Amino acid sequence: IAPEFDMPVIVPRLDGTSVELKMRAKGMRKSEWIALRDQHLQGLRDNEKPLAEGEFSFAQMVGDRMTDAATLVSQGVQGWQLEDAFTIDNLLALEDVLPGSVQAILSAYDSAMFHGRLGN
């Protein structure tokens, strides 16, 4: 298993263009990634608490899910070509200005781990 590999990620933008991110991913066994994905999914299920009427916060729900997803990304990715350090906070900042980034990175890593595919 390669200890790390380059992983291009294409993120579509609202104006119809796209941005290519160059990620540096961690090589791991498929079984390791599956275990991390299951752990992430279980965490989402455990956090599904019913809210009292009037308690709903879209910002909190989306924020919590993005933080969980960014944390998962940080377990499979170790860097990028951007000037800012690759951290969970900076990944969340990227998601804020380039919506869909976190999901695009997860999809690219899933494709690499589950199908041995990189790029388009």
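Q: Which residues does serine 111 touch, not counting residues up to four places away in sequence?
A: First, a word on the model: it is predicted, so local features need pLDDT of at least 70, side-chain atom pairs count only at pLDDT 80 or more, and totals for chains, interfaces and linings use all residues. Residues are numbered from 1 along each chain as its sequence is written, and side-chain values use heavy atoms, with hydrogens and water left out. Touching, or contact, means heavy atoms within 4.5 Å. With sequence neighbours up to four places away set aside, serine 111 touches Gly116 and Arg117.

Q: Is serine 111 buried or exposed?
A: Serine 111 lies in helix 4 (residues 101–115); helices are DSSP runs of H or I, at least four residues, and strands are runs of E, at least two, numbered from the N terminus. Buried means under 20% relative accessible area, exposed over 50%, and partly exposed in between (1.4 Å probe, protein chains only). At a relative accessible area of 16%, serine 111 counts as buried.

Q: In what order do the 3 strands of the open sheet come?
A: Two strands pair if DSSP finds at least two bridges between them. Strand 1 (4–12) and strand 3 (77–80) stand at the edges with a single partner strand each, so one side of each has no neighbour in the sheet. The pairing is antiparallel, and the order is 1-2-3.

Q: How many residues lie between strand 1 and strand 2 in their hairpin?
A: These two strands pair in the antiparallel sense over 9 bridges, with proline 8 opposite lysine 22 and phenylalanine 5 opposite alanine 25. In the turn, glycine 16 has a positive phi of about 95°. The number of residues between the strands is 5.

Q: What separates the C-alpha atoms of valine 19 and leucine 98?
A: Valine 19 sits in strand 2 (residues 18–26) and is partly exposed, with a relative accessible area of 23%. Leaving aside neighbours within four places in sequence, its contacts include Val9, Ile10 and Leu98. Valine 19 and leucine 98 are 79 residues apart along the chain, yet their C-alpha atoms are separated by 8.8 Å.
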